[in-house]
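Subject: Structure handover

Hi,

Here is the structure I promised to pass on.

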Amino acid sequence: MIRVLIVDDHQAVRAGLGVLLDGIDDLAIVGEAGDGREALRLIGEMPVDVVLMDVQMPVLDGVEATRLLVGRPDGPRVLVLTTFGVDDIVTAALAAGAAGFMLKTASADALIDAIRRVAAGDAVLAPEVTRAVVDRLRALDARVVPESPYPAASGRLADLTDREREVLDSLGFGLSNAEIADHLVISEATAKTHVSRVLGKLGLASRVQGALLARHEAERA
């Protein structure tokens with residue numbers, strides 16, 4: 001069972017997501033929060049696997065809440081949900097370590113699949129969205145998103161083996177561990193190991209950051 005916490009400052013949105021996910025056999029809504037501080041409190045009181053996180057909220061916004069959650073050794077995975085396309089706040093949330101990004105207009109099937117993929121350790125960021133985020137990051141001054149990993153991580157690309165570089169490229173296309181395994185003709189366990197090793201070598205906090213770096217490098221090629 002995947003335990004989900006819904007975090008949004010609009011009660012109607014929380015209710016709508018609850019109705020959308022209610023009755024899904026492998027999902028359980030374990031709580032709701034109206035801001036990041038309340039989310040942190042709830043997660044300290046009960047186990048949560050995936051947080052559906054809004055970004056613009058009072059008291060403590062979704063960016064800072066994501067950063068604090070990702071910093072916990074046993075913290076949940078964060079899936080950012082927003083009405084915005086690609087803006088500075090969403091970009092910052094991804095840089096903070098969010099496991100994925102989806103619009104609130106996504107279909108029920110797409111959202112449920114995203115929750116399952118994030119819970120399984122995959123990233124959820126469509127290739128076209130990845131490219132849009134990369135374009136935005138390249139246009140931003142480094143002071144706007146100080147957590148951007150690209151300069152330091154790009155300098156470590158030479159440390160990757162040929163296979164690890166293939167894995168990084170696969171992340172850029174938004175592939176899951178299973179899809180990477182099929183693409184490279186390796187086991188899913190081996191693909192997962194390679195992904196962890198690539199992120200560790202590059203000093204990246206999440207698969208999403210790996211995907212963004214891969215797309216950034218592809219744009220430069």
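Let me start with the largest nonpolar core, which has 28 residues. By nonpolar core I mean a set of buried Ala, Val, Leu, Ile, Met, Phe, Trp, Tyr and Cys residues joined through side-chain atoms within 4.5 Å. Buried is under 20% relative accessible area, exposed is over 50%, and partly exposed lies in between (1.4 Å probe, protein chains only). Leu5, Val7, Val51, Met53, Leu69, Val78 and Val80 have the most contacts inside this core. Two or more residues each come from strand 1 (2–7), helix 2 (36–45), strand 3 (50–53), helix 3 (62–70), strand 4 (77–82), helix 4 (88–95) and helix 11 (207–220). Helix 2 gives the most, with four residues. Helices (H or I, at least four residues) and strands (E, at least two) are DSSP runs, numbered from the N terminus.

Val78 touches Val51, Met53, Thr66, Leu69, Ala98, Ala99 and Gly100, leaving out residues up to four places away in sequence. Contact here means heavy atoms within 4.5 Å. Apart from this core lies another one of 18 residues, including Leu52, Ile112, Ile115 and Val118.

Some ground rules: this is a predicted model, where local features need pLDDT of at least 70 and side-chain atom pairs count only at pLDDT 80 or more, while totals for chains, interfaces and linings use all residues. Residues are numbered from 1 along each chain as its sequence is written, and side-chain values use heavy atoms, with hydrogens and water left out.

The overall numbers: the protein has 11 helices and five strands, and 48% of its 221 residues count as buried. Among contacts between residues at least 6 apart in sequence, 69% join residues at least 24 apart.

Now the helix packing. Helix 8 (residues 162–172) and helix 10 (residues 188–202) pack at about 95°, with their axes 9 Å apart. Helix 8 is therefore roughly perpendicular to helix 10, a label for angles of 65 to 115 degrees (under 35 is roughly parallel, over 145 roughly antiparallel, the rest oblique). Axes are lines fitted to C-alpha atoms, for helices over the stretch in contact, and angles run from 0 to 180 degrees between N-to-C directions. Helix 8 brings Arg163, Glu164, Val167, Leu168 and Leu171 to the contact, and His194 and Val195 are among the residues from helix 10.

Helix 9 (residues 177–184) also meets helix 10: their axes come within 8 Å and cross at roughly 105°, so these two are roughly perpendicular as well. Asn177, Ala178, Ile180 and Ala181 of helix 9 face Glu188, Ala191, Lys192 and Val195 of helix 10 in this contact.

Finally, two arginines in helix 11. Arg207 sits in that helix and counts as buried because its relative accessibility is 6%. Beyond its neighbours within four places in sequence, Arg207 is in contact with residues including Asp122, Leu171, Asn177, Ile180, Val195 and Leu199. Arg215, in helix 11 too, counts as buried at 15% relative accessibility. Arg215 and Leu171 are 44 residues apart in sequence, with 8.8 Å between their C-alpha atoms.

Cheers
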